[in-house]
Amino acid sequence: MPKELLLKNKSFYVILTNLTVILTVIFMCGIVGAVSERNITPILLAGLTRLEYRGYDSAGVAVINKEQNLECVKTLNKVKDLNEKVTGIEGNLGIAHTRWATHGLPVESNAHPHIVNNRLALVHNGIVENYSELKQFCINQGAIFSSDTDTEVIVQLINITMQKDNLTLYDAVRQTLPKLKGAYGMAVIDAENPDEMIAVRQGSPLTISLGFGENFISSDPMALLFISQQYVVLEENDLAILRKDSVVIENSKGKVVFDSNDTQKSKYKIITSTQDDAGVTSKGGYRHFMHKEIHEQPKAIAETLEGCISDNRLLVECFGQEAAFIFSKIKRVQIIACGTSYHSGMVFRYWCEDIIGIPVDVEVASEFRYRNPAIEKDVLFVAISQSGETADTAEALKIVEKLKKQAEGKNHWSILTISNKAESTLVRYADLVFLTRAGFEVGVASTKAFTTQLVALSLLMIALGKSQKRLSETVEKRMIQGLRKVPKLVQSALDQEEQIIELSNIIANSQSALFLGRGTMYPIALEGALKLKEISYIHAEAFPAGELKHGPLALVDEETPVIVIAPNNDLLIKLKSNLEEVSSRGGKIYAFEDKNSKLTRTKSVNVISVAENVGRISCPLLFTIPLQLLSYHVARIKGTDIDQPRNLAKSVTVE
Ligand code: AGP
């Protein structure tokens, strides 16, 4: 086995110098930091609690106490456990972290903050890609490492730089940054300078919340809304210096772009949060956030439609002032998204090509960003993302931006972001923006974000059709009237919950499940399978029903439930013969139909009627509901951690 393994891809090299080293890649972690005239420990922990929804496997807090000593506490349990451990620790400057690792053991030594010399403490969200070589450099300089993380390399480097030239924390961080390759959002404090925190953003979101006599940092301003509704978003390569009475943000060249004591001259604007914080901490009587969020869908859909419709006509400007002009010119749509958001994009392709005849390509962002796609001249790029922070989608948009600039306006490309977060990275990249109004989604498994994305995409299809005169007024009117009925129809689908609970008892005993659909029901089947595996850990696969005989039929047996989505549409006849293929091989079918599908009930074909007379647009929305409820109840019966399923995080902010 070669000692050195060199992995090369388009944009970076990762050198693994020692294969016995555990490569710790930290994703989606949560960062909170505070500097204040009052004790900050309870604030840090309250902030961490609000970041719990992102998923984590360990948590930690470091505070500089009144005696100017660093006190650090970590846990492999929940933040609640940290709360008990911090009793008696008080101070005016501190940082805290929830860590989510994909590689490497979730042990306390790997949890953040990382401390060096009993003096420096650092929390980090991201990956240091060249950490192996930097670690070797630090070891050569006499550093002793106490973790397997890439993060510790940063704080060791800062320490070495400080010691060598007797530098301040600020200068040492500035000198360290050019040595780091990768993505990071980080905050660092120095026990010998207990009034100041340094924070840096490169590739991983960080925001600064402003207070009176206190200032805060977090990887999601939502974490601190209980204490401050005003915040500033750091841009790429920014460095911030936080003190209790000032915040100064510098860009990569050291130029001041924000000064809290001179906001008039600042380049960055202070954002006042518009998000409704009330629902974040409350499950509103439900046992899990996911269950609450499933039931919030009629309201979320109605609110997403609000302001977009007047007199049964779509207001194209709901996509932005320039939307009608941009939409009239484009010849193709390229959807870029991940996971559930990608599934909504797949539904859009069926709608758009079928109803208005505009070609659509749909690709997962993690593939798009690493190939050289051949793209035509007049393209609308549509990024779909609940969080607006998904790293793969953001990187894909960066590539689009770069190519757009290189073409000096000759390629006529525009970017539309569909997101649930107004102040997010993906929104900032876009020419046009559509905000879904799902409200805060806490459950890792996306539910109301998906159905509101479908609403946004149905409006986009109508807007494109209108702008290119591919849709008559009558059809537009009919579609809008149909959309207006969706909240009610979704509510009646939710009312079938009792029947779904019965079915869940059967599925919960399975090792594996197959999902089948045709047309727009194929992406809905994919979404159903994703939900089931995400939260119940049951292996689930989805196929276009017509593909069965090309391989998946081999999986059909008495033990593997086959879940079928069977609305009464043009493809129903085809689907019925696919069901025959399953039945004749002894497969057990559990079908969701609309009342007019009239599927024959037999011993091996169980049917639940979900709706009646569903239209082309409302159909994928309605049939999503029973699948969400099914996965929820199966997971509840199995007793898994539904809101924070193992190994997953809410917002995938690093590759
Ligand atoms: C959905 O249940 C998942 N948790 C996941 O697939 C998610 O949709 C994906 O990571 C994309 O997130 P985004 O919509 O925030 O970009």
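Two helices, α9 (339–356) and α16 (521–536), each supply at least two residues of the shell around the ligand; helices here are DSSP runs of H or I with at least four residues, strands are E runs of at least two, and both are numbered from the N terminus. This is a predicted model, where local features need pLDDT of at least 70 and side-chain atom pairs count only at pLDDT 80 or more, while totals for chains, interfaces and linings use all residues. Residues are numbered from 1 along each chain as its sequence is written, and side-chain values use heavy atoms, with hydrogens and water left out.

Back to the ligand. Domain 2 (289–494) and domain 3 (497–638) both give residues to the shell, so the ligand lies between them; the domain bounds come from an automatic or database domain assignment. Of the 15 residues around the ligand, S341, S385, Q386, S387 and T390 come nearest, where being near takes a heavy atom within 4 Å. By class, the shell has 5 nonpolar, 8 polar and 2 charged residues (Ala, Val, Leu, Ile, Met, Phe, Trp, Tyr, Cys and Pro count as nonpolar, Asp, Glu, Lys and Arg as charged, and the others, Gly among them, as polar).

Now for the ligand's oxygen atoms. A backbone N or O atom of Q386 sits 2.7 Å from a ligand oxygen, and a polar side-chain atom of S387 also lies 2.7 Å from an oxygen atom of the ligand. For T390, a side-chain N or O atom is 2.4 Å from a ligand oxygen. These fall under polar contacts, meaning pairs of N or O atoms within 3.5 Å. The protein covers 90% of the 410 Å² of accessible area that the ligand has on its own, with areas from the Shrake-Rupley method and a 1.4 Å probe.

Next, the sheet. An open sheet is built from 5 strands with parallel pairing, in the order β21-β20-β22-β23-β24; strands pair if DSSP finds at least two bridges between them. β21 (360–364) and β24 (432–435) are the edge strands, each with a single partner, so one side of each has no neighbour in the sheet. From one strand to the next, the twist averages 20 degrees. Inside the sheet, β20 (residues 332–337) and β22 (residues 379–385) pair in the parallel sense over 6 bridges, and Q334 stands opposite F381 in β22.

The peptide bond from H112 to P113 is cis, with omega near -5 degrees, and P113 is found in the loop between β6 (93–101) and β7 (114–116). N117, in the loop between β7 and β8 (120–128), is not a glycine but has a positive phi near 65 degrees.

Methods
Polar contact = N/O pair within 3.5 Å; in protein donor to acceptor, adjacent residues only side chain to side chain. Axes fitted to C-alpha atoms, helices over the stretch in contact; angles between N-to-C directions.
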